[in-house]
Amino acid sequence: MTQETKKTVCMFCSMGCGLLVSTERGNPIEIEYDIGNPINKGSVCARGNYMFELLGHPSRLEWPRIRTDEGLARTGFEDAIKFIAGELREIKKKHGGDSIGIIMEPNSLNEEIFLGYHLAKEALKTKNFAPAFTPEDRSMLMAQDELILKGEKEASVDDVTKSDSLFIVGDIVTKAPCLSKEINKVKYGGKGNKVIVVDPKKSHTSWFATSHLQVSPGEEAMVLAGAIKALLDSKGKKATALGRKFKGFDLKKISERTGVSKSEIVRAAHDFDASKKGTIVVCSNFAKTQDAGLIIKLAKILCSVAKGDKRVLSFYSGGNSLGSYLTLSALTGGKTYPDHMEILEAARKGKVKALVTFGVDISRHVPSEVFSEIREKTKLIVACDIFENFGTSVSNAVLAGASYAEKEGTVVSSGCVTQEIIPALSPYSGSVTYFEALKSILEGLGGKSVTFADAKEDVKTRLKKSKKKSKENLAPVFKALKALKAVKASDEKPFILLSDDDIVHYGEGSISEKCFWAKENSKEPYIEVSKADSSSLGIKDGDIIEVSASKESSYLKAKISDNVPCGVVSAPHNFEEARRLFDIKVDPKAHKVSLGPETVSIKPEG
Ligand code: SF4
């Protein structure tokens with residue numbers, strides 16, 4: 001049989017790099033970058049490469065299973081659907097539609113989100129449908145809609161390449177490694193080009209910086225506010241509406257608070273202003289910034305104050321976080337919907353009796369004792385997933401899900417670029433796409449069948465119609481800026497703990513931990529401690545450190561590092577032991593989630 005090569009898109013970050021998957025007799029034999037893809041134009045990072053290893057990974061789920069007295073037993077797809085639909089019907093009849101929650105991974109394709117919402121709304125009549133956006137993605141996604149400035153232009157990766165100045169907030173090179181090529185083009189592409197990086201740590205991105213503003217943890221928004229103030233003052237715009245709003249901002253005080261000197265803030269603002277074309281790149285980093293959404297809004301304001309062609313480009317953790325968000329916004333008409341953490345909280349309280357998840361291991365989203373409560377209170381947990389995990393092992397029914405290389409549909413990458421995905425492979429073994437699983441459950445419940453073509457057309461029409469409407473409301477920006485409290489260490493908790501991405505990992509680590517590369521290079525959680533702090537506390541490289549935050553404690557291996565300043569420690573959120581140290585706050589009224597750096601105490605074990 002001849003070899004075949006088909007295109008797909010990498011979903012391990014929102015850059016959305018094009019990949020080519022070659023197969024022989026239906027088996028994957030090679031993965032290559034797609035030089036014709038307008039986004040990556042011939043780059044693929046190591047994370048993109050390890051998709052190859054995951055396609056036929058031994059821990060992939062192969063067949064549907066239903067729980068019996070002897071545990072989970074293999075069954076046929078139709079029998080599994082009959083069981084799931086029957087149980088959902090019973091629960092709905094007894095407890096009402098809202099007693100059922102559907103949670104989908106944000107990397108689901110747009111058409112899958114469409115059908116998940118349709119199943120929830122039309123057949124189950126539940127309000128409890130949510131993509132499991134990461135908290136850092138969620139606040140940035142919402143900010144896109146909450147402040148739209150007149151004349152604002154969407155930035156793309158191409159805008160980054162053509163820029164002569166970049167203002168980067170966060171560690172984008174770790175999040176989207178392929179962007180490093182474009183950043184290099186800016187740095188070396190023209191005399192005087194600037195790459196300004198705002199990050200409390202020395203990071204993969206700060207190595208590219210012409211100017212690294214090493215801000216105090218959680219103060220990135222204040223640096224942007226300072227840059228806006230500096231430009232407003234220098235342009236004689238103090239008397240304008242915006243100038244008056246910034247009247248109370250004092251650059252000296254901002255400098256003291258952020259740890260970035262006044263001259264560095266002013267120089268960064270003027271360098272950005274002086275460039276003909278500039279892009280502010282905002283990266284969603286878990287618990288590094290305090291309010292990632294506020295950073296997006298301030299970045300938009302800075303672009304509107306600076307002269308020339310200035311735009312904002314945001315990068316998300318999930319490859320289709322933006323597409324899932326936009327599709328759901330278009331379906332709900334922009335109305336708010338619950339966060340998946342609210343649905344899980346309702347399950348913990350016994351209000352939600354059945355959870356149906358797609359690509360979401362809920363045991364990774366809540367502490368283990370909360371997960372135990374959820375298991376006790378719910379009557380049914382259904383997990384459709386690509387890999388075996390703890391969530392699937394305790395479910396009542398399991399469906400084997402197809403990977404994105406085996407699916408058809410659309411995604412929206414950073415810069416609002418819609419990309420089509422065609423199946424590069426047939427679904428693995430007895431696995432099905434989420435669309436197929438959702439469609440079968442819908443039909444099993446007696447709902448009207450939806451074809452993939454109908455879903456695709458509906459999504460396309462809705463996304464076109466729901467183009468941004470002009471709304472400029474600066475009041476919430478200033479309210480949020482005023483509410484932003486500096487993260488201060490105390491005698492009891494003398495260190496500020498940041499989170500960071502480990503470059504070999506993706507998301508909460510459940511997928512990347514299966515890969516050879518991650519197992520070799522970053523198999524366990526760690527905490528970076530500065531040389532000065534480690535020497536004053538008697539900590540050596542590799543020592544086990546007890547880290548105590550306000551709610552949780554963890555034991556992490558010490559990594560003595562130059563990357564963190566004195567008084568700051570950092571742990572990658574891709575490990576549960578590190579994630580649990582951060583307090584994720586859910587505001588059910590505003591349907592908002594917030595998290596930021598934590599104050600902690602650290603000491604060697606024993
Ligand atoms: S930069 Fe992002 S989208 Fe591109 S290959 Fe790497 S992980 Fe995938």
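This is a predicted model: local features need pLDDT of at least 70, side-chain atom pairs count only at pLDDT 80 or more; totals for chains, interfaces and linings use all residues.

Biologist: How many residues of H5 are buried?
Modeller: Ten of the twelve residues are buried, so the helix is mostly covered. Among them are Pro-135, Arg-138, Met-140 and Leu-141.

Biologist: What span should H5 have, and what does it have?
Modeller: At 1.5 Å a residue, the twelve residues 135-146 should span 16 Å. The C-alpha atoms at the ends of H5 are 17 Å apart, which agrees.

Biologist: And what about the span of H12?
Modeller: Helix H12 covers residues 262-274, and its 13 residues should span 18 Å. Its end C-alpha atoms are 18 Å apart, which agrees.

Biologist: Which residues of H12 are buried?
Modeller: They are Glu-264, Ile-265, Ala-268, Ala-269, Asp-271, Phe-272 and Asp-273. The elements they pack against include strand S8 (165-169), strand S9 (194-198), helix H9 (220-234) and S11.

Biologist: Turning to the ligand, which residues are closest?
Modeller: The shell has 14 residues, and the closest to the ligand are Cys-10, Cys-13, Cys-17, Cys-45 and Gly-48. By type, the shell around the ligand holds ten nonpolar residues, three polar ones and one charged.

Biologist: Why does the ligand lie between two domains?
Modeller: Domain 1 (4-55) and domain 3 (137-315) both give residues to the shell, so the ligand lies between them.

Biologist: What are the other domains?
Modeller: The domain assignment also gives domain 2, made of 65-134 and 319-465, and domain 4 (486-604).

Biologist: How do domain 2 and domain 3 sit relative to each other?
Modeller: Taken over C-alpha atoms, their centres are separated by 36 Å. Their contact takes 13 residues from domain 2 and twelve residues from domain 3. On the domain 2 side, H14 gives the most, with four residues. That side divides into six nonpolar, six polar and one charged.

Biologist: Is H18 largely enclosed or open?
Modeller: Nine of the eleven residues of helix H18 (434-444) are buried, so the helix is largely enclosed by the rest of the structure. Its buried residues pack against several elements, including helix H3 (77-95), helix H4 (110-124), strand S13 (354-358) and helix H19 (452-465).

Biologist: What follows H18?
Modeller: Gly-446 follows H18, and its phi is positive, near 85°.

Biologist: Why does Leu-442 count as buried?
Modeller: Leu-442, which lies in H18, has 22 other C-beta atoms within 10 Å. The cut-off is 20 or more, so Leu-442 counts as buried.

Biologist: What is Leu-442 in contact with?
Modeller: Leaving aside its neighbours within four places in sequence, Leu-442 is in contact with Leu-119, Ala-123, Gly-447 and Val-450.

Biologist: Last topic: which residues touch the most other members of the largest nonpolar core?
Modeller: That core has 160 residues, and Ile-228, Leu-298 and Leu-302 touch the most other members. Beyond its neighbours within four places in sequence, Ile-228 is in contact with Phe-246, Leu-298, Ile-301, Leu-302 and Val-305. Another core, of 25 residues, lies apart from it and includes Leu-498, Ile-527, Ile-539 and Ile-545.

Methods: Residues are numbered from 1 along each chain as its sequence is written. Helices (H or I, at least four residues) and strands (E, at least two) are DSSP runs, numbered from the N terminus. The expected span of a helix is 1.5 Å times one less than its number of residues. A residue is near a molecule or strand if its C-beta atom, placed from the backbone, lies within 6 Å of it. Ala, Val, Leu, Ile, Met, Phe, Trp, Tyr, Cys and Pro count as nonpolar, Asp, Glu, Lys and Arg as charged, and the others, Gly among them, as polar. Domain bounds come from an automatic or database domain assignment. A nonpolar core is a set of buried Ala, Val, Leu, Ile, Met, Phe, Trp, Tyr and Cys residues joined through C-beta atoms within 7 Å. Two residues are in contact if their C-beta atoms, placed from the backbone, lie within 7 Å.
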